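The structure comes before the description.

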Amino acid sequence: MPAASLEVDGLCAGYGPIRIMEGVTFSVKAGGRLAVLGRNGMGKTTLLASLMGLTTRHGGRINIGDQDVTGRRTSARADLGLGYVPQTRDIFSSLTVEENLRTGLKGRPAAALAEAYEMFPRLRERRGNYGKQLSGGEQQMLAMARTLLGKPSILLLDEPLEGLAPVICDELMLLLGQLAASNEVTIILVEQQIERALGFADSVMVMERGQISWAGAPAALIADRALVDRLVGVGIH
Ligand SMILES: Nc1ncnc2c1ncn2[C@@H]1O[C@H](COP(=O)(O)OP(=O)(O)O)[C@@H](O)[C@H]1O
Ligand SMILES: [Mg+2]
């Protein structure tokens, strides 16, 4: 599937009757790279989960390309091209790397596994190891590789760098940069490592208490530490 645009209009969502997100409106062009920043508990994960249809929607609309997916189930959204790598990674700990990857094939032939191993050579070395035997970085690679095997047109990544060593973060960001440069997928990156996220993105939004409190170009935040401090509260690090 080629990269798709995403359009979100007035999205209100939460968990059952609990409302977390209020009136979230933004769009990402096909092939775009959006970074979503914000302190803990501000609604970043809820936003991605809502895009996947995993929360309770109280209002608003979501379009993938020219398809209105607002009322569609999670599986239909995945079929239409949304790929989600959750913050919890959700790999199967008692399946091997290769078995985990197979679950991401979505009907593609097993030969496609080579794509994952090409992108993440470390997974090839570890193909017979169980999910629970992997390091945090390897688990993240596996979670990403499994989702990418489904050829998503929009990739949602929730704090992929969380808890990983700087050298692994470098490696993953390099890969994400290559992926973005291929123009085959639109990427929405939720990340607390602000500097890395700003270096990657072509647009940024900041979430505060379930709403977008700031949106603009990465350069505006890179140039204004005081603004970053105010919005995200931790400064560039
Ligand atoms: N399953 C849930 N049920 C009820 N409230 C939740 C649930 N998950 C998250 N929340 C609440 O939603 C708010 C946003 O959380 P979250 O989207 O995880 O923030 P972030 O990813 O920015 O840290 C928080 O107040 C959190 O407590
Ligand atoms: Mg989160």
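## Fold and ion site

Of the contacts in the protein with a separation of 6 or more, 69% are between residues 24 or more positions apart. The model is predicted. Its secondary structure consists of 10 helices and 10 strands.

The overall dimensions follow. For 237 residues, a compact globule would have a radius of gyration near 18 Å, and the value of 17 Å for the protein agrees with this. Along the principal axes, the C-alpha atoms fill a box of roughly 45 × 40 × 30 Å. Buried residues make up 51% of the 237. The accessible surface is about 10400 Å², and carbon and sulfur atoms account for 51% of that area. As for charge, there are 25 positive and 25 negative side chains, with the centres of the two sets 4 Å apart.

The magnesium ion (ligand 2) is coordinated by OG1 of Thr45 and OE1 of Gln87, at 2.0 to 2.3 Å. Thr45 belongs to helix α1 (residues 44-51), while Gln87 sits in the loop between β6 (82-85) and α3 (97-102), so the pair ties together parts that are 42 residues apart in sequence.

| Residue | Relative accessible area | Class |
|---|---|---|
| Thr45 | 30% | partly exposed |
| Gln87 | 24% | partly exposed |

Buried means under 20% and exposed over 50%, so Thr45 at 30% counts as partly exposed, and Gln87 at 24% is also partly exposed.

Note on methods
Residues are numbered from 1 along each chain as its sequence is written. Chains are lettered from A and ligands numbered from 1 in the order in which they are written. This is a predicted model: local features need pLDDT of at least 70, side-chain atom pairs count only at pLDDT 80 or more; totals for chains, interfaces and linings use all residues. Side-chain values use heavy atoms; hydrogens and water are left out. Helices (H or I, at least four residues) and strands (E, at least two) are DSSP runs, numbered from the N terminus. The radius of gyration is taken over C-alpha atoms; the globule rule is 2.2 Å times the number of residues to the power 0.38. Buried means under 20% relative accessible area, exposed over 50%, partly exposed in between (1.4 Å probe, protein chains only). Contact means heavy atoms within 4.5 Å. Accessible areas come from the Shrake-Rupley method with a 1.4 Å probe; for residues, only the protein chains shown count as cover. Lys and Arg count as positive and Asp and Glu as negative; His and the chain ends are not counted. The place of a charge is taken as NZ of Lys, CZ of Arg, CG of Asp or CD of Glu. Donors are N, O and S atoms within 2.8 Å of the metal (3.2 Å for Na, K and Ca); water is not among the atoms, so sites may look incomplete.
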